[in-house]
Amino acid sequence: MDSKLRRTAILASMAVILVISALVLYINLVQKDSGGESGHSANTAAPPPESGDVQEEEPGGGQIGNDLSAFLRDNTFFDQEVNPVLEAAKDNAARLSLVVTSVEKDLRIQIVDIHGDPVAGESFIVNLEGQGEYKDLDKDGIIYIGGLAAGEYFVKLMPMKGYRVPVNDTRVKVKDKVEYVAIDDISVLIKTEEEIDAEAEDSGETDALEDADKTEIQKLQKSTANARVGIDVSKWNGEIDWDKVKAAGAEFAIIRAGYRGSVTGALVEDPCFTANMRGAAASGLPVGVYFFTQAVNEVEAVEEASAVIQLIREYNLEYPVFIDTEGAGGNGRADGLDAETRTLVCEAFCRTVANAGYKAGVYGSRNWYNNNLRAEKLEEYCIWLAEYRSAPLYQGYYHMWQYTSKGAIDGIAGNVDMNISYLK
């Protein structure tokens with residue numbers, strides 16, 4: 001059952017509960033009214049009870065039905081035989097299901113609740129047909145299995161006390177090759193900075209700084225008939241007054257959507273992403289986004305692209321979705337990639353983005369394009385060059401140029417990256 005159906009089932013159960021509760025209240029009110037409006041005059045005395053009959057009273061006086069909260073003192077009200085709807089809702093809350101995806105010769109198995117969220121804190125075990133059992137060792141509700149042969153498998157979630165597991169096995173297909181299609185339910189893998197060690201994970205370093213010279217221009221340039229000027233921002237720029245940014249002359253903004261942790265590889269949303277996207281949109285500035293990669297293979301690149309696609313669904317983009325490929329201090333998980341593998345990562349990211357209907361691009365410094373990428377294989381995508389000098393020395397073709405990281409503009413405290421776009 002997908003998340004939409006689960007939410008529908010929950011809402012239906014809640015609706016039934018509300019109807020039953022309303023019916024109980026209505027019956028009580030009717031009983032109350034019938035006791036005081038029987039057609040007799042208000043001063044007509046009620047007949048005394050017959051001998052042997054004892055008329056029940058509720059705590060605090062009054063007849064049965066007068067106390068609308070009486071059901072709270074009824075120990076049988078929530079029993080299954082008395083109220084099966086509530087028991088069914090309780091049963092649904094403990095019901096689990098599996099969400100299984102494959103990118104290339106692998107499976108990611110998510111054990112989710114009725115809301116579609118991974119159930120953390122339990123050591124769930126799944127049995128993969130012909131392969132044996134796999135345990136959720138880190139108790140995050142996700143089990144990853146790599147190195148599988150392509151083909152069909154059956155996955156079974158083993159019983160766990162306190163939960164209702166699927167009765168039938170889940171049939172899955174392990175893909176032989178990457179298909180560059182956004183992964184469903186990638187949102188469960190996207191973390192916030194509160195869930196990670198952001199100081200250790202967000203460690204990207206701009207390689208262009210080492211190549212800068214004294215001719216670097218640090219002011220916002222003027223637009224021309226063929227070029228527009230803009231900025232790119234992330235959490236490092238803090239709170240931004242976007243109206244002031246636009247009034248100061250910026251014509252577009254490229255906003256960081258997130259990054260992959262350079263230590264653990266976690267997918268993390270930039271904490272200022274939502275505020276920046278909404279602020280830029282409110283000011284009328286066109287936007288694009290970028291994602292700092294630490295993917296070590298094509299599978300992880302597809303994950304990163306999928307995360308970005310998930311994050312930007314509610315926004316309109318006029319500029320591309322870029323993969324930001326640069327170093328992470330020398331110790332990042334992707335710092336040691338060879339040029340061929342890094343290029344494959346960029347291609348996989350861009351192809352996935354393009355297949356989702358967005359423009360795709362690659363960000364890198366002049367040295368990075370020359371030494372750590374096969375730039376000629378990326379020319380069908382938007383090339384965003386970082387080179388901090390008055391005129392780039394890079395010999396390849398590029399569509400955007402980040403000419404400084406030390407710019408200043410009204411609306412942003414401190415330095416900000418500035419760019420010229422030649423996109424039409």
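Strands S9 (228-233), S12 (287-292), S16 (400-407) and S17 (416-421) each give at least two residues to the lining of the second largest pocket. The model is predicted. A search of the whole structure finds 20 salt bridges. Helix H6 is largely enclosed by the rest of the structure, because 12 of its 14 residues are buried.

**Second largest pocket**
- Its volume is about 500 Å³.
- The lining has 24 residues. Nearest the centre lie Thr206, Ser234, Trp236, Tyr290 and Asp417.
- By class, the lining divides into nine nonpolar, eight polar and seven charged residues.

**Largest pocket**
- The largest pocket holds about 610 Å³ of space.
- Strand S5 (142-145), strand S8 (190-191) and H6 are the elements that give two or more residues to its lining.
- Of 25 lining residues, Arg108, Asp140, Ile142, Leu189 and Lys191 lie nearest the centre.
- This lining comprises 11 nonpolar, four polar and 10 charged residues.

**Helix H6**
- H6 covers residues 298-311. From first C-alpha to last it reaches 20 Å, close to the 20 Å expected.
- Its buried residues include Glu300, Glu303 and Glu304, along with Val299, Val302 and Val308.
- At the start of H6, a side-chain oxygen of Asn297 comes within 3.2 Å of the backbone nitrogen of Val299.

**Salt bridge Lys235–Asp202**
- The closest N and O atoms of Lys235 and Asp202 are 3.1 Å apart.
- The pair links distant parts of the chain, 33 residues apart. Lys235 sits in the loop between S9 and helix H4 (242-247), and Asp202 in the loop between helix H3 (198-201) and S9.
- Lys235 has 16% relative accessibility, so it counts as buried. Asp202 is buried too, at 8%.

**Salt bridge Asp211–Arg389**
- Here the closest N and O atoms are 3.2 Å apart.
- The partners are 178 residues apart. Asp211 lies in the loop between H3 and S9, and Arg389 in the loop between strand S15 (382-386) and S16.
- Asp211 is buried at 14% relative accessible area, and Arg389 is buried at 9%.

**Salt bridge Lys377–Glu340**
- Lys377 and Glu340 bring their closest N and O atoms to 3.3 Å.
- Lys377 is in the loop between helix H8 (366-371) and S15, while Glu340 is in helix H7 (residues 339-355). They are 37 residues apart.
- Lys377 is partly exposed at 37% relative accessible area. Glu340 is partly exposed at 35%.

**Network**
- Salt bridges that share partners join Glu193, Asp202, Lys235, Arg256 and Asp270 into one network.

Definitions and conventions: Residues are numbered from 1 along each chain as its sequence is written. This is a predicted model: local features need pLDDT of at least 70, side-chain atom pairs count only at pLDDT 80 or more; totals for chains, interfaces and linings use all residues. Side-chain values use heavy atoms; hydrogens and water are left out. Helices (H or I, at least four residues) and strands (E, at least two) are DSSP runs, numbered from the N terminus. The expected span of a helix is 1.5 Å times one less than its number of residues. Buried means under 20% relative accessible area, exposed over 50%, partly exposed in between (1.4 Å probe, protein chains only). A polar contact is a pair of N or O atoms within 3.5 Å; within protein, one must be able to donate a hydrogen and the other to accept it, and residues adjacent in sequence count only if both atoms are side-chain atoms. On a 1 Å grid over the protein atoms alone, a cavity is a set of points where a 1.4 Å probe fits but cannot get out, and a pocket is an open set with protein on both sides within 12 Å along at least five of seven lines; lining residues have an atom within 4 Å of a point. Grid points are joined across faces, edges and corners, and a volume is the space filled by probe spheres set on the points. Ala, Val, Leu, Ile, Met, Phe, Trp, Tyr, Cys and Pro count as nonpolar, Asp, Glu, Lys and Arg as charged, and the others, Gly among them, as polar. A salt bridge is a side-chain nitrogen of Lys or Arg within 4 Å of a carboxyl oxygen of Asp or Glu.
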